[in-house]
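Please read this briefing alongside the sequence and the coordinates.

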Amino acid sequence: MDLIIDFALLALLAVTSLAIVRQTNLFSAVTLLAIFSFLSAALFTVMDAVDVAFTEAAVGAGFSTILLLATLSLVGSKIRTPQVRIVSVTARTPSRRPTFPLIVVLVTGGILVYGTLDMPPFGDPDNPVHRHVADHYLMDSEEEIGIPNVVTSVLASYRGYDTLGEATVVFTAAIGVMVLLSGLRRRDTLGEEAWGEEGLEDLDPGLGAGSSSDTAVSVDGAEGEEADQLRDGDGDEP
Amino acid sequence: MSDQVILRVTTKILVPAILLFGLYVQFHADFGPGGGFQAGVIFAAGFILYAMVFGLGRTQQVFPSYVSRLCASGGVLIFIAVGLWSMLRGAHFLDYSVLGHDALEGQHLGILLIEIGVLITVFGVILSIFYFFAARGREDV
Amino acid sequence: MRILGLYNYWVFVFLMMVGFYILISRRNLVQEILGLTIFQTAVFIFYISMGSIVGAEPPTLAPGVEGIVYANPLPHVLILTAIVVGVSTMAVALALVVRIKEAYGTIEGDEIADLDTASEA
């Protein structure tokens, strides 16, 4: 029964990824990516990785989708189809035909499939990956740490240093987004930003001298609805 | 969106349940799936839901932007403080066995403290990233 | 069982190649980020399927019961870290896309290159 569910979930994942390739609207592609993340969370559950499934569902299907939708409301969700551009093909513009990427992808995929023929059998308890350290964690976690969840004990105690690195990476991402997106920026034509105008003194958006003559972000077509959802939420204020 | 009755009422019911569930996931890390990262994301999701329905302005009155930045840095500080506390007691960095009178109790205490640190960091980071994205280009927030 | 194991790995290769194809054949920046996410998730699936054992339990010790086969906890810990790091890099990448849109007015890679060329000339 497990194998049937495994089989079905993997097939659904493959179909969803093919559907993402063929989308012409970014909004539907983002929705399909959320479906993809949920399906992979279900696959992780079937493979007995419940912590990973929890994290993938919360982070991948939850927060990633919110971030992508927020970006789409700021950026616009039209994908320009390639055949619109037919003039001004300079020497630096790569070819419009999709055959060369397809060939590269097929060759790489073929090499990888040839590599998987050497892998150990799937799900065998005697695989080399289950030797050495993992045995020690499972058997000694009870006496040395004493909590039932081995993943938490490995994450927090045996590999606590890596978790410190992970928390630091997450914090650095917040700093990166803050440096890029804090303060209001007026719509700028290319290359004419003056660094002194960056709202470094108002790290709280809206407090300082946000010199925005046009705050209307380009909203075109179908994503006007989610742009409204993220922007006009406070309709009941007097 | 707070002029829609269903969204408003459902959000008011759901947000406390989401926050409670986040705390449940955090403190049950020892006994089942869970831990700081998942709990931080779920906790922040409650606030993000509130912000999507009731507006960014009201959410920032409840939980201002500078507090979320403080949370992001404070959590990493808690984590490192636990490691330094172990060093002050004579063991290696992040060796929790010396934090209590017993190796097992020390491990329990150390894991609890760093999971709280990770919860606060992830919650602060996720909420502040959402604030930065949602407030870009608006001048009324 | 051998074919099912190989099917598992082959679907991972397929997913990774779909993500790779989106990355190299599309010009829209957000679409490229979607391709990267698919690529990343395929690698996670590969790691977790390497660490899974047929008929095993999730790695939460049942107190006092002997003889249970548990799944390998080490890939789970690695992938947990990797998922969070992945979403962090995606957040910074999307912030960069927002800034590029504000600076250039477009998020198509070749239009940005053309605008760069035109401004240098």
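The buried residues of helix 5 of chain A are covered by elements that include helix 6 (150-158) of chain A and helix 3 (73-104) of chain C. This is a predicted model, in which local features need pLDDT of at least 70 and side-chain atom pairs count only at pLDDT 80 or more, while totals for chains, interfaces and linings use all residues. Residues are numbered from 1 along each chain as its sequence is written, and chains are lettered from A and ligands numbered from 1 in the order in which they are written.

**Helix 5 of chain A**

- Helices here are DSSP runs (H or I, at least four residues), numbered from the N terminus.
- In helix 5 (residues 133-144) of chain A, the buried residues are A134(A), Y137(A), L138(A) and S141(A), where buried means that 20 or more other C-beta atoms lie within 10 Å of the residue's own, exposed means 12 or fewer, and partly exposed lies in between, with C-beta atoms placed from the backbone.
- These residues span an arc of only 90 degrees around the axis, which places them on the same side of helix 5 of chain A; the arc is that of the directions from the helix axis to the C-beta atoms.
- On the face turned away from that buried side, helix 5 of chain A carries the exposed residues D135(A), H136(A), D140(A) and E143(A).

**Chain C against chain A**

- The contact joins 77 residues of chain C to 80 residues of chain A, two residues being in contact if their C-beta atoms, placed from the backbone, lie within 7 Å.
- Helix 3 of chain C supplies the largest share of the side of chain C that touches chain A, namely 25 residues.
- By class, that side of chain C has 53 nonpolar, 17 polar and 7 charged residues, with Ala, Val, Leu, Ile, Met, Phe, Trp, Tyr, Cys and Pro counted as nonpolar, Asp, Glu, Lys and Arg as charged, and the others, Gly among them, as polar.
- The axes of helix 3 (residues 50-75) of chain A and helix 3 of chain C come within 10 Å and cross at roughly 0 degrees, the axes being lines fitted to C-alpha atoms over the stretch in contact, with angles from 0 to 180 degrees between N-to-C directions.
- Helix 3 of chain A and helix 3 of chain C are therefore roughly parallel to each other, a term that covers angles under 35 degrees.

- Chain B brings 56 residues and chain A 51 residues to their contact, and helix 5 (103-135) of chain B gives the largest share of chain B's side, 19 residues.
- The largest nonpolar core has 130 residues, and those with the most contacts inside it are V41(B) and I126(B); such a core is a set of buried Ala, Val, Leu, Ile, Met, Phe, Trp, Tyr and Cys residues joined through C-beta atoms within 7 Å.
- Helix 5 of chain B gives the most to this core, with 17 residues.
- Leaving aside residues up to four places away in sequence, V41(B) touches A58(A), V59(A), G62(A), F63(A), V122(B) and I126(B).

**Positive phi angles**

- H132(A), which is not a glycine, has a positive phi of about 55 degrees and counts as exposed, with 10 C-beta neighbours inside 10 Å.
- L94(B), in the loop between helix 4 and helix 5 of chain B, is buried, with 22 other C-beta atoms within 10 Å, and its phi is near 60 degrees.

Key. Helices (H or I, at least four residues) and strands (E, at least two) are DSSP runs, numbered from the N terminus. Angles under 35 degrees count as roughly parallel, over 145 as roughly antiparallel, 65 to 115 as roughly perpendicular and the rest as oblique.
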